Amino acid sequence: MERVAIIGIGQTKYEREKKGETVSDLVFEAATKALDDAKIGIEDIDNVVTVSNDFWDGRTISSMAVTDACGSYGKNVSTVEDDGTFGAFYGLMRVLSGSFRSTLVVAHCKGSEGSNHLITNAIFNPIYERAIGLDSISSSALQARRYMEKYGITEEQCALVSVKNHKNAKDNPFSQIATDISVEDVMNSKMLSDPIKLLDSSPISDGACAIILAEERMTKKVTTRPVWVKGIGHSTDAYNLGDRDLAEPDALTRAAKKAYEMAGIQDPFREIDVAEIYDAFSYQELLWSEGLGFCERGMGGRLIESGKTTKKGMLPINPSGGVLSAHPVLVAGLARIAEISIQLRGEGSGRQVDGAKIGLAHGINGACGQAHCVWILEN
Amino acid sequence: MFRKNYPLLTISSEIELPYNYSLGKYGGRLVTELKQNGRIVGIKCPKCDHVYVPPRRVCGRCFIEMDEFVEVSNRGILQSFTVVYFSFLDPETGKKRPVPYGYGRIKLDGADSEFLHFLEESDFKKLKIGVTVEAVYNENRVGSFKDIKYFKKVEDGDPS
Ligand SMILES: [Zn+2]
(Lines give C-alpha, C1' and ligand atoms only; values in the text may rest on other atoms or scores of the structure.)
Protein backbone atom coordinates (compact mmCIF):
# COMPACT_ATOMS: atom_id res chain seq x y z
CA MET A 1 0.00 0.00 0.00
CA GLU A 2 1.13 3.56 -0.75
CA ARG A 3 1.92 5.45 2.42
CA VAL A 4 -0.89 7.71 3.63
CA ALA A 5 -0.76 9.86 6.75
CA ILE A 6 -3.07 11.80 9.00
CA ILE A 7 -1.71 15.32 8.81
CA GLY A 8 -4.37 17.26 10.69
CA ILE A 9 -7.04 16.73 13.32
CA GLY A 10 -9.75 18.93 14.80
CA GLN A 11 -12.49 18.37 17.34
CA THR A 12 -15.15 20.39 19.09
CA LYS A 13 -15.65 19.85 22.76
CA TYR A 14 -18.31 17.19 23.21
CA GLU A 15 -21.30 18.34 25.24
CA ARG A 16 -24.83 17.27 26.10
CA GLU A 17 -26.47 20.09 24.21
CA LYS A 18 -24.69 22.61 22.03
CA LYS A 19 -27.60 24.99 21.68
CA GLY A 20 -25.44 27.80 20.33
CA GLU A 21 -24.34 25.85 17.27
CA THR A 22 -26.07 24.24 14.32
CA VAL A 23 -24.55 21.11 12.78
CA SER A 24 -22.94 23.33 10.14
CA ASP A 25 -21.31 25.46 12.84
CA LEU A 26 -19.85 22.32 14.43
CA VAL A 27 -18.55 21.05 11.09
CA PHE A 28 -16.89 24.42 10.39
CA GLU A 29 -15.21 24.42 13.80
CA ALA A 30 -13.82 20.89 13.41
CA ALA A 31 -12.75 21.44 9.78
CA THR A 32 -10.97 24.75 10.42
CA LYS A 33 -9.22 23.32 13.48
CA ALA A 34 -7.97 20.38 11.37
CA LEU A 35 -6.69 22.75 8.67
CA ASP A 36 -4.98 24.96 11.27
CA ASP A 37 -3.49 21.85 12.87
CA ALA A 38 -2.06 20.77 9.49
CA LYS A 39 -1.01 24.37 8.76
CA ILE A 40 -2.64 24.24 5.34
CA GLY A 41 -5.55 26.06 3.72
CA ILE A 42 -8.79 24.79 2.25
CA GLU A 43 -7.19 25.18 -1.22
CA ASP A 44 -4.83 22.33 -0.29
CA ILE A 45 -7.76 19.95 0.21
CA ASP A 46 -8.61 18.03 -2.95
CA ASN A 47 -11.85 16.43 -1.81
CA VAL A 48 -14.11 16.05 1.20
CA VAL A 49 -15.86 13.10 2.82
CA THR A 50 -18.62 13.98 5.27
CA VAL A 51 -20.14 11.57 7.77
CA SER A 52 -23.75 12.05 8.77
CA ASN A 53 -27.05 10.26 9.18
CA ASP A 54 -30.42 11.57 8.05
CA PHE A 55 -32.31 10.28 11.09
CA TRP A 56 -29.89 11.88 13.52
CA ASP A 57 -29.87 15.14 11.58
CA GLY A 58 -33.62 15.11 11.04
CA ARG A 59 -32.89 16.08 7.48
CA THR A 60 -32.71 14.00 4.31
CA ILE A 61 -29.53 14.13 2.24
CA SER A 62 -28.01 15.50 5.44
CA SER A 63 -24.55 15.70 3.86
CA MET A 64 -25.58 18.46 1.49
CA ALA A 65 -26.47 20.79 4.36
CA VAL A 66 -22.85 21.05 5.48
CA THR A 67 -21.12 21.60 2.13
CA ASP A 68 -20.36 25.26 2.86
CA ALA A 69 -19.19 24.50 6.39
CA CYS A 70 -16.81 21.69 5.38
CA GLY A 71 -15.16 23.71 2.63
CA SER A 72 -16.38 21.50 -0.20
CA TYR A 73 -17.77 24.38 -2.25
CA GLY A 74 -16.70 23.65 -5.81
CA LYS A 75 -14.96 20.42 -4.83
CA ASN A 76 -15.91 16.75 -4.91
CA VAL A 77 -17.82 15.82 -1.76
CA SER A 78 -19.17 12.41 -0.88
CA THR A 79 -20.81 11.05 2.23
CA VAL A 80 -20.63 7.98 4.39
CA GLU A 81 -23.60 7.16 6.55
CA ASP A 82 -21.68 4.98 8.97
CA ASP A 83 -19.34 5.44 11.88
CA GLY A 84 -16.51 7.92 11.29
CA THR A 85 -13.92 5.13 11.08
CA PHE A 86 -15.70 3.97 7.91
CA GLY A 87 -15.84 7.54 6.60
CA ALA A 88 -12.10 7.80 7.15
CA PHE A 89 -11.66 4.46 5.38
CA TYR A 90 -13.44 5.87 2.33
CA GLY A 91 -11.30 9.00 2.56
CA LEU A 92 -8.20 6.81 2.64
CA MET A 93 -9.34 4.95 -0.47
CA ARG A 94 -9.83 8.25 -2.27
CA VAL A 95 -6.21 9.22 -1.57
CA LEU A 96 -5.03 5.72 -2.54
CA SER A 97 -6.90 6.00 -5.83
CA GLY A 98 -4.32 8.54 -6.91
CA SER A 99 -7.02 11.01 -7.92
CA PHE A 100 -6.68 13.13 -4.79
CA ARG A 101 -3.62 14.18 -2.82
CA SER A 102 -5.62 14.95 0.27
CA THR A 103 -9.02 14.21 1.81
CA LEU A 104 -10.75 16.08 4.61
CA VAL A 105 -13.03 13.74 6.55
CA VAL A 106 -15.52 15.38 8.88
CA ALA A 107 -18.26 13.81 11.01
CA HIS A 108 -20.99 15.55 12.95
CA CYS A 109 -23.91 14.64 15.17
CA LYS A 110 -26.24 16.43 17.53
CA GLY A 111 -27.71 13.68 19.64
CA SER A 112 -29.55 16.33 21.64
CA GLU A 113 -31.81 17.30 18.75
CA GLY A 114 -33.55 13.98 18.17
CA SER A 115 -34.81 11.03 20.21
CA ASN A 116 -32.18 8.34 20.84
CA HIS A 117 -34.85 5.74 21.52
CA LEU A 118 -36.91 6.44 18.38
CA ILE A 119 -33.91 6.82 16.08
CA THR A 120 -32.17 3.66 17.27
CA ASN A 121 -35.48 1.78 17.25
CA ALA A 122 -35.58 2.58 13.53
CA ILE A 123 -32.35 0.57 13.02
CA PHE A 124 -34.36 -2.61 13.21
CA ASN A 125 -36.53 -4.56 10.82
CA PRO A 126 -39.87 -2.68 10.74
CA ILE A 127 -41.91 -5.86 10.70
CA TYR A 128 -40.26 -7.69 13.59
CA GLU A 129 -37.85 -6.12 16.10
CA ARG A 130 -38.84 -2.52 15.51
CA ALA A 131 -42.48 -3.28 16.14
CA ILE A 132 -41.70 -4.46 19.67
CA GLY A 133 -39.76 -1.32 20.56
CA LEU A 134 -36.18 -2.63 20.60
CA ASP A 135 -33.54 0.14 20.67
CA SER A 136 -29.79 0.56 21.18
CA ILE A 137 -29.98 0.14 24.95
CA SER A 138 -32.28 -2.89 25.09
CA SER A 139 -30.55 -4.68 22.20
CA SER A 140 -27.18 -4.09 23.85
CA ALA A 141 -28.59 -5.44 27.10
CA LEU A 142 -29.43 -8.66 25.26
CA GLN A 143 -25.84 -8.81 24.05
CA ALA A 144 -24.42 -7.99 27.50
CA ARG A 145 -26.50 -10.72 29.16
CA ARG A 146 -25.54 -13.32 26.58
CA TYR A 147 -21.84 -12.43 26.84
CA MET A 148 -21.80 -12.26 30.64
CA GLU A 149 -23.64 -15.55 31.06
CA LYS A 150 -21.55 -17.41 28.55
CA TYR A 151 -18.22 -16.37 30.03
CA GLY A 152 -19.02 -15.58 33.65
CA ILE A 153 -18.34 -11.85 33.24
CA THR A 154 -19.70 -9.96 36.27
CA GLU A 155 -21.49 -6.64 36.49
CA GLU A 156 -18.67 -5.43 38.74
CA GLN A 157 -16.11 -6.18 36.03
CA CYS A 158 -18.16 -4.14 33.56
CA ALA A 159 -18.44 -1.36 36.13
CA LEU A 160 -14.63 -1.22 36.36
CA VAL A 161 -14.56 -0.08 32.73
CA SER A 162 -16.85 2.81 33.53
CA VAL A 163 -14.77 3.77 36.58
CA LYS A 164 -11.51 3.70 34.58
CA ASN A 165 -12.81 5.59 31.55
CA HIS A 166 -14.64 8.35 33.41
CA LYS A 167 -11.48 8.92 35.44
CA ASN A 168 -9.36 9.04 32.26
CA ALA A 169 -11.74 11.61 30.83
CA LYS A 170 -10.66 14.08 33.51
CA ASP A 171 -7.48 14.69 31.53
CA ASN A 172 -9.24 15.09 28.20
CA PRO A 173 -10.45 18.64 27.48
CA PHE A 174 -12.83 17.35 24.76
CA SER A 175 -14.70 14.87 26.97
CA GLN A 176 -18.19 15.34 28.31
CA ILE A 177 -18.45 13.21 31.45
CA ALA A 178 -15.23 13.33 33.43
CA THR A 179 -15.62 12.19 37.00
CA ASP A 180 -14.38 9.96 39.77
CA ILE A 181 -16.91 7.23 40.41
CA SER A 182 -16.72 3.90 42.20
CA VAL A 183 -17.89 0.42 41.26
CA GLU A 184 -20.65 0.90 43.88
CA ASP A 185 -21.78 4.10 42.13
CA VAL A 186 -22.14 2.18 38.88
CA MET A 187 -23.88 -0.75 40.58
CA ASN A 188 -26.31 1.60 42.34
CA SER A 189 -27.06 3.76 39.31
CA LYS A 190 -30.48 3.59 37.71
CA MET A 191 -31.29 0.33 35.94
CA LEU A 192 -32.03 1.02 32.28
CA SER A 193 -32.31 -2.44 30.74
CA ASP A 194 -30.99 -5.22 32.94
CA PRO A 195 -27.96 -5.70 33.22
CA ILE A 196 -27.19 -2.25 31.77
CA LYS A 197 -27.37 0.62 34.25
CA LEU A 198 -27.09 4.34 33.65
CA LEU A 199 -23.37 4.51 34.48
CA ASP A 200 -22.68 1.52 32.19
CA SER A 201 -23.98 3.66 29.32
CA SER A 202 -22.51 6.36 27.14
CA PRO A 203 -24.20 9.77 27.18
CA ILE A 204 -26.14 11.66 24.54
CA SER A 205 -23.66 14.07 22.96
CA ASP A 206 -23.23 16.85 20.43
CA GLY A 207 -20.03 17.47 18.52
CA ALA A 208 -17.92 17.15 15.40
CA CYS A 209 -14.51 15.77 14.50
CA ALA A 210 -12.33 16.13 11.40
CA ILE A 211 -9.13 14.55 10.14
CA ILE A 212 -7.04 15.25 7.04
CA LEU A 213 -5.48 12.33 5.15
CA ALA A 214 -2.70 12.94 2.65
CA GLU A 215 -0.43 11.05 0.28
CA GLU A 216 3.22 10.64 1.23
CA ARG A 217 4.65 13.39 -0.97
CA MET A 218 2.28 16.05 0.28
CA THR A 219 2.67 14.81 3.85
CA LYS A 220 6.42 15.23 3.74
CA LYS A 221 6.05 18.71 2.30
CA VAL A 222 3.60 20.08 4.86
CA THR A 223 4.22 18.37 8.20
CA THR A 224 6.95 17.17 10.51
CA ARG A 225 4.62 15.14 12.73
CA PRO A 226 2.69 12.77 10.46
CA VAL A 227 0.71 9.83 11.81
CA TRP A 228 1.04 7.01 9.28
CA VAL A 229 -1.68 4.52 8.44
CA LYS A 230 -0.03 1.12 8.89
CA GLY A 231 -2.96 -1.22 8.67
CA ILE A 232 -6.70 -1.24 8.23
CA GLY A 233 -9.45 -3.83 8.21
CA HIS A 234 -13.20 -3.97 8.35
CA SER A 235 -15.77 -6.72 8.45
CA THR A 236 -19.52 -7.09 8.81
CA ASP A 237 -21.73 -9.61 10.54
CA ALA A 238 -25.39 -10.58 9.96
CA TYR A 239 -28.07 -7.88 10.20
CA ASN A 240 -30.54 -9.95 12.15
CA LEU A 241 -29.50 -10.23 15.78
CA GLY A 242 -30.90 -13.76 15.80
CA ASP A 243 -28.42 -14.82 13.16
CA ARG A 244 -25.42 -14.01 15.39
CA ASP A 245 -24.07 -15.28 18.68
CA LEU A 246 -23.90 -11.88 20.33
CA ALA A 247 -21.19 -13.11 22.74
CA GLU A 248 -18.77 -13.75 19.87
CA PRO A 249 -17.35 -10.69 18.08
CA ASP A 250 -16.30 -12.64 15.01
CA ALA A 251 -16.59 -9.69 12.62
CA LEU A 252 -14.20 -7.72 14.81
CA THR A 253 -11.71 -10.57 14.90
CA ARG A 254 -11.78 -10.72 11.11
CA ALA A 255 -11.35 -6.94 10.81
CA ALA A 256 -8.49 -6.93 13.32
CA LYS A 257 -6.73 -9.84 11.60
CA LYS A 258 -6.67 -7.93 8.32
CA ALA A 259 -5.37 -4.78 9.99
CA TYR A 260 -2.69 -6.66 11.94
CA GLU A 261 -1.51 -8.52 8.86
CA MET A 262 -1.20 -5.30 6.93
CA ALA A 263 0.70 -3.66 9.79
CA GLY A 264 2.88 -6.72 10.47
CA ILE A 265 1.59 -7.16 14.01
CA GLN A 266 1.77 -10.65 15.49
CA ASP A 267 1.07 -10.08 19.17
CA PRO A 268 -1.31 -7.12 19.41
CA PHE A 269 -1.37 -6.94 23.19
CA ARG A 270 2.40 -6.56 23.36
CA GLU A 271 3.03 -4.61 20.19
CA ILE A 272 0.28 -1.99 20.40
CA ASP A 273 1.05 0.86 22.79
CA VAL A 274 -2.37 2.48 23.09
CA ALA A 275 -5.90 1.64 21.94
CA GLU A 276 -9.10 3.62 21.61
CA ILE A 277 -12.08 1.31 21.23
CA TYR A 278 -15.82 1.87 20.89
CA ASP A 279 -17.23 1.38 24.39
CA ALA A 280 -20.80 2.57 23.88
CA PHE A 281 -21.56 0.46 26.97
CA SER A 282 -19.11 -0.73 29.62
CA TYR A 283 -19.35 -4.42 28.64
CA GLN A 284 -18.33 -3.52 25.08
CA GLU A 285 -14.77 -2.57 26.05
CA LEU A 286 -14.35 -6.10 27.41
CA LEU A 287 -16.05 -7.83 24.49
CA TRP A 288 -14.21 -5.79 21.86
CA SER A 289 -10.88 -6.37 23.67
CA GLU A 290 -11.48 -10.07 23.11
CA GLY A 291 -12.43 -9.52 19.47
CA LEU A 292 -9.25 -7.50 18.96
CA GLY A 293 -7.19 -10.35 20.39
CA PHE A 294 -5.95 -8.39 23.42
CA CYS A 295 -6.97 -11.46 25.44
CA GLU A 296 -8.63 -14.81 24.88
CA ARG A 297 -12.40 -15.06 24.36
CA GLY A 298 -14.14 -14.77 27.71
CA MET A 299 -11.13 -13.19 29.43
CA GLY A 300 -12.23 -9.54 29.09
CA GLY A 301 -13.30 -9.41 32.73
CA ARG A 302 -9.95 -10.66 33.92
CA LEU A 303 -8.20 -8.17 31.64
CA ILE A 304 -9.86 -5.13 33.22
CA GLU A 305 -9.25 -6.55 36.72
CA SER A 306 -5.54 -6.97 35.96
CA GLY A 307 -5.13 -3.19 35.63
CA LYS A 308 -3.17 -3.69 32.42
CA THR A 309 -5.53 -1.41 30.49
CA THR A 310 -5.20 1.65 32.75
CA LYS A 311 -3.22 4.68 31.63
CA LYS A 312 -0.03 3.31 33.21
CA GLY A 313 -0.74 -0.30 32.23
CA MET A 314 0.79 -2.48 29.56
CA LEU A 315 -1.86 -1.58 26.97
CA PRO A 316 -3.81 1.53 27.98
CA ILE A 317 -7.33 1.35 26.56
CA ASN A 318 -9.35 4.54 26.11
CA PRO A 319 -7.04 7.04 27.82
CA SER A 320 -9.35 9.71 26.38
CA GLY A 321 -12.23 8.42 28.49
CA GLY A 322 -13.63 6.53 25.53
CA VAL A 323 -17.12 6.62 24.16
CA LEU A 324 -18.51 6.22 27.68
CA SER A 325 -17.31 9.76 28.34
CA ALA A 326 -18.70 11.31 25.13
CA HIS A 327 -20.81 9.61 22.49
CA PRO A 328 -21.58 11.75 19.48
CA VAL A 329 -22.91 8.97 17.24
CA LEU A 330 -20.92 8.59 13.95
CA VAL A 331 -18.35 11.09 15.24
CA ALA A 332 -17.18 8.77 18.01
CA GLY A 333 -15.11 6.45 15.80
CA LEU A 334 -13.39 9.39 14.11
CA ALA A 335 -12.69 10.80 17.57
CA ARG A 336 -10.94 7.50 18.39
CA ILE A 337 -8.65 8.06 15.36
CA ALA A 338 -8.10 11.68 16.43
CA GLU A 339 -7.20 10.62 19.97
CA ILE A 340 -4.73 7.99 18.78
CA SER A 341 -3.16 10.62 16.51
CA ILE A 342 -2.79 12.95 19.51
CA GLN A 343 -1.20 10.13 21.51
CA LEU A 344 1.25 9.17 18.75
CA ARG A 345 2.30 12.79 18.35
CA GLY A 346 2.96 12.90 22.08
CA GLU A 347 0.48 15.72 22.57
CA GLY A 348 -1.83 14.05 25.09
CA SER A 349 -0.51 16.09 28.07
CA GLY A 350 -2.19 14.71 31.22
CA ARG A 351 -3.50 11.64 29.43
CA GLN A 352 -0.38 10.97 27.35
CA VAL A 353 0.71 7.34 27.24
CA ASP A 354 4.49 7.37 27.59
CA GLY A 355 6.39 6.42 24.47
CA ALA A 356 3.34 5.57 22.35
CA LYS A 357 4.56 4.55 18.89
CA ILE A 358 1.84 2.21 17.60
CA GLY A 359 -1.84 2.81 18.27
CA LEU A 360 -5.16 1.20 17.44
CA ALA A 361 -8.46 2.96 16.77
CA HIS A 362 -11.74 1.07 16.48
CA GLY A 363 -15.25 1.98 15.37
CA ILE A 364 -18.51 0.10 15.10
CA ASN A 365 -21.63 0.40 13.02
CA GLY A 366 -25.04 -1.19 13.30
CA ALA A 367 -26.75 -2.78 16.29
CA CYS A 368 -24.53 -4.63 18.79
CA GLY A 369 -21.42 -4.08 16.70
CA GLN A 370 -22.67 -5.53 13.42
CA ALA A 371 -19.70 -4.01 11.57
CA HIS A 372 -16.24 -3.09 12.82
CA CYS A 373 -13.41 -1.00 11.42
CA VAL A 374 -9.89 -1.25 12.85
CA TRP A 375 -7.05 1.22 12.21
CA ILE A 376 -3.40 0.70 13.09
CA LEU A 377 -1.50 3.98 13.21
CA GLU A 378 2.16 4.75 13.77
CA ASN A 379 4.16 7.92 14.31
CA MET B 1 -41.50 -23.61 -3.10
CA PHE B 2 -44.83 -21.96 -2.40
CA ARG B 3 -47.38 -24.65 -3.33
CA LYS B 4 -50.14 -22.88 -1.54
CA ASN B 5 -50.99 -19.23 -2.16
CA TYR B 6 -50.46 -17.25 1.00
CA PRO B 7 -51.81 -13.73 1.00
CA LEU B 8 -49.33 -10.95 0.17
CA LEU B 9 -49.49 -8.56 3.10
CA THR B 10 -48.19 -5.19 4.15
CA ILE B 11 -48.02 -3.68 7.60
CA SER B 12 -48.84 -0.01 8.02
CA SER B 13 -46.74 1.92 10.43
CA GLU B 14 -45.86 5.52 11.11
CA ILE B 15 -42.51 6.75 12.30
CA GLU B 16 -42.91 9.75 14.51
CA LEU B 17 -39.60 11.55 14.96
CA PRO B 18 -39.65 14.74 17.02
CA TYR B 19 -36.66 17.11 16.83
CA ASN B 20 -35.43 20.18 18.68
CA TYR B 21 -33.36 21.97 16.08
CA SER B 22 -30.98 24.61 17.38
CA LEU B 23 -31.26 27.92 15.57
CA GLY B 24 -27.77 28.67 16.77
CA LYS B 25 -26.44 32.18 17.30
CA TYR B 26 -27.17 33.32 13.76
CA GLY B 27 -30.70 31.98 13.33
CA GLY B 28 -31.54 33.09 16.85
CA ARG B 29 -30.60 36.66 16.00
CA LEU B 30 -32.70 36.60 12.82
CA VAL B 31 -35.92 35.46 14.49
CA THR B 32 -35.43 37.68 17.54
CA GLU B 33 -35.07 40.70 15.27
CA LEU B 34 -38.21 39.63 13.37
CA LYS B 35 -40.15 39.33 16.61
CA GLN B 36 -38.93 42.42 18.44
CA ASN B 37 -38.30 44.90 15.66
CA GLY B 38 -39.97 43.62 12.52
CA ARG B 39 -36.55 43.73 10.93
CA ILE B 40 -34.70 41.27 8.70
CA VAL B 41 -30.98 40.85 9.32
CA GLY B 42 -28.38 39.35 7.04
CA ILE B 43 -24.67 38.82 7.36
CA LYS B 44 -21.83 40.14 5.20
CA CYS B 45 -18.77 38.20 4.07
CA PRO B 46 -15.57 40.06 5.00
CA LYS B 47 -13.88 38.80 1.84
CA CYS B 48 -16.40 38.93 -1.02
CA ASP B 49 -18.95 41.37 0.54
CA HIS B 50 -21.81 39.01 -0.30
CA VAL B 51 -24.76 39.63 2.06
CA TYR B 52 -26.53 36.41 3.05
CA VAL B 53 -30.11 36.15 4.32
CA PRO B 54 -30.74 34.19 6.54
CA PRO B 55 -27.46 34.88 8.32
CA ARG B 56 -25.13 31.94 8.95
CA ARG B 57 -21.57 31.37 10.11
CA VAL B 58 -19.68 30.56 6.92
CA CYS B 59 -19.40 32.05 3.45
CA GLY B 60 -19.16 28.81 1.49
CA ARG B 61 -17.46 30.40 -1.52
CA CYS B 62 -14.69 31.95 0.58
CA PHE B 63 -14.69 29.35 3.42
CA ILE B 64 -14.46 32.16 5.91
CA GLU B 65 -16.28 33.02 9.11
CA MET B 66 -18.64 35.99 8.92
CA ASP B 67 -19.47 38.30 11.81
CA GLU B 68 -20.83 41.54 10.36
CA PHE B 69 -24.61 41.52 10.74
CA VAL B 70 -26.40 43.97 8.49
CA GLU B 71 -30.01 45.07 8.38
CA VAL B 72 -31.67 44.50 5.03
CA SER B 73 -34.96 45.88 3.77
CA ASN B 74 -38.38 44.34 4.31
CA ARG B 75 -38.86 45.04 0.61
CA GLY B 76 -37.29 43.31 -2.32
CA ILE B 77 -37.66 42.17 -5.89
CA LEU B 78 -39.40 38.91 -6.75
CA GLN B 79 -36.89 36.65 -8.53
CA SER B 80 -39.08 33.59 -9.01
CA PHE B 81 -42.39 32.25 -7.73
CA THR B 82 -44.77 29.35 -7.89
CA VAL B 83 -48.35 28.67 -6.92
CA VAL B 84 -48.85 25.31 -5.25
CA TYR B 85 -52.07 23.31 -5.56
CA PHE B 86 -51.32 20.51 -3.09
CA SER B 87 -51.43 21.00 0.64
CA PHE B 88 -48.72 20.28 3.17
CA LEU B 89 -48.78 19.50 6.85
CA ASP B 90 -47.08 22.27 8.75
CA PRO B 91 -44.44 20.39 10.80
CA GLU B 92 -44.69 22.96 13.59
CA THR B 93 -48.47 23.05 13.97
CA GLY B 94 -49.58 19.74 12.46
CA LYS B 95 -52.23 21.68 10.50
CA LYS B 96 -52.78 21.52 6.77
CA ARG B 97 -52.12 24.65 4.79
CA PRO B 98 -55.05 25.57 2.55
CA VAL B 99 -54.43 25.53 -1.20
CA PRO B 100 -53.45 27.26 -3.30
CA TYR B 101 -50.51 29.04 -1.76
CA GLY B 102 -47.56 30.84 -3.25
CA TYR B 103 -43.83 30.71 -2.71
CA GLY B 104 -41.49 33.46 -3.79
CA ARG B 105 -37.78 33.91 -3.95
CA ILE B 106 -37.09 37.49 -3.01
CA LYS B 107 -33.90 39.50 -3.31
CA LEU B 108 -34.33 41.90 -0.42
CA ASP B 109 -32.85 45.36 -0.88
CA GLY B 110 -29.38 45.21 0.65
CA ALA B 111 -29.05 41.43 0.29
CA ASP B 112 -27.28 39.36 -2.34
CA SER B 113 -28.80 35.96 -1.62
CA GLU B 114 -32.50 35.33 -2.13
CA PHE B 115 -34.97 34.78 0.68
CA LEU B 116 -37.75 32.21 0.34
CA HIS B 117 -41.18 32.78 1.83
CA PHE B 118 -44.93 32.59 1.25
CA LEU B 119 -46.61 35.01 -1.11
CA GLU B 120 -49.94 36.62 -0.39
CA GLU B 121 -52.62 34.62 -2.13
CA SER B 122 -55.54 36.93 -2.98
CA ASP B 123 -54.62 37.40 -6.63
CA PHE B 124 -51.77 35.41 -8.10
CA LYS B 125 -52.38 37.02 -11.50
CA LYS B 126 -50.68 40.16 -10.20
CA LEU B 127 -47.43 38.34 -9.64
CA LYS B 128 -44.56 38.39 -12.04
CA ILE B 129 -40.83 38.26 -11.78
CA GLY B 130 -39.44 41.71 -11.15
CA VAL B 131 -42.30 43.14 -9.07
CA THR B 132 -41.56 44.66 -5.68
CA VAL B 133 -42.85 42.72 -2.68
CA GLU B 134 -42.84 43.52 1.02
CA ALA B 135 -42.93 41.48 4.22
CA VAL B 136 -46.21 41.43 6.13
CA TYR B 137 -45.81 40.42 9.77
CA ASN B 138 -48.18 38.56 12.05
CA GLU B 139 -49.78 40.59 14.81
CA ASN B 140 -48.59 38.17 17.50
CA ARG B 141 -44.96 37.38 16.92
CA VAL B 142 -43.34 34.47 18.68
CA GLY B 143 -39.75 34.50 17.43
CA SER B 144 -40.08 32.31 14.34
CA PHE B 145 -39.32 32.54 10.65
CA LYS B 146 -43.10 32.48 10.26
CA ASP B 147 -43.50 35.73 12.20
CA ILE B 148 -43.49 36.97 8.62
CA LYS B 149 -46.94 36.00 7.42
CA TYR B 150 -46.11 36.40 3.75
CA PHE B 151 -44.72 38.80 1.21
CA LYS B 152 -47.20 41.01 -0.60
CA LYS B 153 -46.92 42.91 -3.86
CA VAL B 154 -46.30 46.63 -3.32
CA GLU B 155 -48.87 48.66 -5.30
CA ASP B 156 -47.89 51.91 -6.94
CA GLY B 157 -48.31 54.64 -4.38
CA ASP B 158 -47.85 52.38 -1.32
CA PRO B 159 -45.70 54.21 1.21
CA SER B 160 -42.25 52.68 1.50
ZN1 LIG C 1 -17.34 35.36 0.76
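In this predicted model, the zinc ion has a tetrahedral arrangement, because its 4 donor atoms subtend angles of 105 to 114°. The protein donors are the SG atoms of Cys45(B), Cys48(B), Cys59(B) and Cys62(B), which lie 2.3 Å from the zinc ion. Along the sequence, these donor residues follow the spacing C-x2-C-x10-C-x2-C. Cys48(B) belongs to the loop between strand S1 (40-44) and strand S2 (51-52) of chain B, while Cys59(B) belongs to strand S3 (residues 58-59) of chain B, so the pair ties together parts that are 11 residues apart in sequence.

The second topic is the interface of chain B and chain A. The size of an interface is often expressed as the accessible area lost when the parts come together. Here the buried area is about 2,000 Å², and carbon and sulfur atoms give 61% of that area. The residues in contact are listed by chain below.

| Chain | Residues in the contact |
|---|---|
| Chain A | 30 residues |
| Chain B | 20 residues |

Between chain B and chain A, 9 residue pairs are in polar contact. On the side of chain B that touches chain A, the elements giving two or more residues are helix H1 (24-37) and strand S4 (64-65) of chain B. H1(B) provides the largest share, 3 residues. By class, this side of chain B comprises 11 nonpolar, 4 polar and 5 charged residues.

The interface also holds 1 salt bridge. Glu21(A) forms a salt bridge with Lys25(B), with the closest N and O atoms 2.9 Å apart.

Key:
Residues are numbered from 1 along each chain as its sequence is written. Chains are lettered from A and ligands numbered from 1 in the order in which they are written. This is a predicted model: local features need pLDDT of at least 70, side-chain atom pairs count only at pLDDT 80 or more; totals for chains, interfaces and linings use all residues. Side-chain values use heavy atoms; hydrogens and water are left out. Contact means heavy atoms within 4.5 Å. Buried area is the accessible area (1.4 Å probe) that two parts lose on being put together, summed over both. A salt bridge is a side-chain nitrogen of Lys or Arg within 4 Å of a carboxyl oxygen of Asp or Glu. A polar contact is a pair of N or O atoms within 3.5 Å; within protein, one must be able to donate a hydrogen and the other to accept it, and residues adjacent in sequence count only if both atoms are side-chain atoms. Helices (H or I, at least four residues) and strands (E, at least two) are DSSP runs, numbered from the N terminus. Ala, Val, Leu, Ile, Met, Phe, Trp, Tyr, Cys and Pro count as nonpolar, Asp, Glu, Lys and Arg as charged, and the others, Gly among them, as polar. Donors are N, O and S atoms within 2.8 Å of the metal (3.2 Å for Na, K and Ca); water is not among the atoms, so sites may look incomplete. Four donors count as tetrahedral if all angles lie between 85 and 135 degrees; four count as square planar and six as octahedral if opposite donors are over 155 degrees apart and all others between 65 and 115; anything else is irregular.
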